[in-house]
Amino acid sequence: MIPVSRRRALARALLAVPAFAGLAALLLGAAPDPADAPVARIVDDAIRPVMARNDVPGIAVAVTVQGRHLFFNYGVASKESGQAVTEDTLFELGSVSKTFTAVLGAAAQLQGALALSDPASRHMPELVGSRFDRISLLDLATYTAGGLPLQFPDEVTDDAKMVAWYRGWRPDWAPGTRRLYSNPSIGLFGHLAARSLGRPFDALMQQRIFPALGLSHTFIRIPPEQMAAYAWGTNKAGKPVRVNPGPMDAEAYGVKSTASDMIRFVDANIDGAGLDDTTRRAIAATHAGYDRIGDMTQGLGWEMYAWPVALDRLLAGNSPEMSLKPNPVDRLDPPLPPQDDVLLNKTGSTNGFGSYVAFVPSRRIGVVILANRNYPIADRVTAAHRILTALDGAE
C-alpha cells in the first residue's frame, strides 16, 4: 500500500494535469464530483492556452460559485524542484495587495482615526509645508494626487530619501483631476492609514486585517515555516526570481497569498455576513465609487464595471493606456454607493509573478488566477472574463 504522505504528494502532482484529476481525487480519498466537470472544462479551456502561449510554469485558479469553492491547479511552483502547484502554494500578489491596503484605510476611517478628506500632511508632520497640505487621502488612494509616478525614482532607497522626495515633489495637475496609477500614491495612503492607528503597517495587516478576514496563509513577510510553500517566480530570462524589498512595498505590492485564501477574500467581498462589523463595513466602503474614467469606476483598491461588461471594455480599463498614462477623471460627489450588479477587478504583477482577481457580487461568482510568471494582463483578463461569463450563463 502507498503511504499516505506519498499518496498525497502523487495526487498533488496529478492535479496539475486535468486529464488525471479523477485519479488524483481517488488518491486523496474522495470521488470526483460530476457536477464540477463543466466548470473544470471552462477553466481548462481558458487557462491552458494562456500557459502554453506565455510559457507560464504554474497557475492556481480558484472559483467561487454561490459560496462553493473549486480549485484548479496547473504546472509547477518551481521549475527547479518540480513541486506541483496547489491551492496552498504562496504566490506574490503584486498590486492586488492594494485591495488589502484599502480595507485598512477604510477601517481606520470607520474608527474615526482619519477621514478620506483629510490632507495627507495631517497624518505625517514631515510633509507639513509641502504640496501634500492640499492633497487628500482620497487623492492618494485613487491615484489622483496630480501626477505621482508609477514607481519611486531609483535614488529613493531609504525612509529619509523617501520623505525628502515627497517633500520636493511637484504635481503636474490639480488634485482630483487626473488619474495616474502610482505605487507611491496608494503606498503613502496605506502608510498614513497605519500612522493614524498608531501601529506599523505590516503589524496591522498581519495581526488585524488578515485574521479578521479569516486568512491564515496570507503574509507580507513569509515566516520561515511557510517558505516551502512559496513559489519561485520566473523573470523575462526564464530565471527564478522573487520580489525585492523597496519603499512602500508592503502597502503597494508586497502581499503573498494562496488561491484558497484569496477565494475566501473574494467571498468576503461578495457577502461579508460572517465578518465582524468593522471589517464588513470596511470592505463595503472599498466598493464605493469615487472617480469615473471611461467605463471604469475607481473604488478603493478595486476597479469596477457595470455587469455584464463586454471584453473589449474590460481590456481597455486594464490596458497600458489606463495604467501608464494620465487620464481625466469625473469625480463623483457624493461618491457612488456600493453596487451589486458590477464586476470588481484588480490586476497585480511583480517581476516574476502575475495575478488577477475578479468577481460579480450580484451573481455570487468570482475567480482568482495566480501565476509564477508576469504574463500579459490582457491574457489574464480574457481568461477570467471567459470563466465568469460562462459561470453567469450557467446560473
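This is a predicted model: local features need pLDDT of at least 70, side-chain atom pairs count only at pLDDT 80 or more; totals for chains, interfaces and linings use all residues.
Entry 1: Contact here means heavy atoms within 4.5 Å. I noted that 12 of the 15 residues of helix 7 are buried, among them Pro-184, Ile-186, Phe-189 and Leu-197.

**Entry 2: its length.** I checked the span of helix 7 (residues 183–197) next.

**Entry 3: the whole chain.** I found 14 helices and 15 strands; these are DSSP runs, H or I of at least four residues for helices and E of at least two for strands, numbered from the N terminus. The radius of gyration over C-alpha atoms is compared with 2.2 Å times the number of residues to the power 0.38. For 395 residues a compact globule would have a value near 21 Å, and the chain agrees with 21 Å. I also saw that 54% of the 395 residues count as buried. Among contacts between residues at least 6 apart in sequence, 68% join residues at least 24 apart.

Entry 4: Residues are numbered from 1 along each chain as its sequence is written, and side-chain values use heavy atoms, without hydrogens and water. Local features need pLDDT of at least 70 and side-chain atom pairs 80 or more, while totals for chains, interfaces and linings use all residues.

Terms used
Buried means under 20% relative accessible area, exposed over 50%, partly exposed in between (1.4 Å probe, protein chains only). The expected span of a helix is 1.5 Å times one less than its number of residues.
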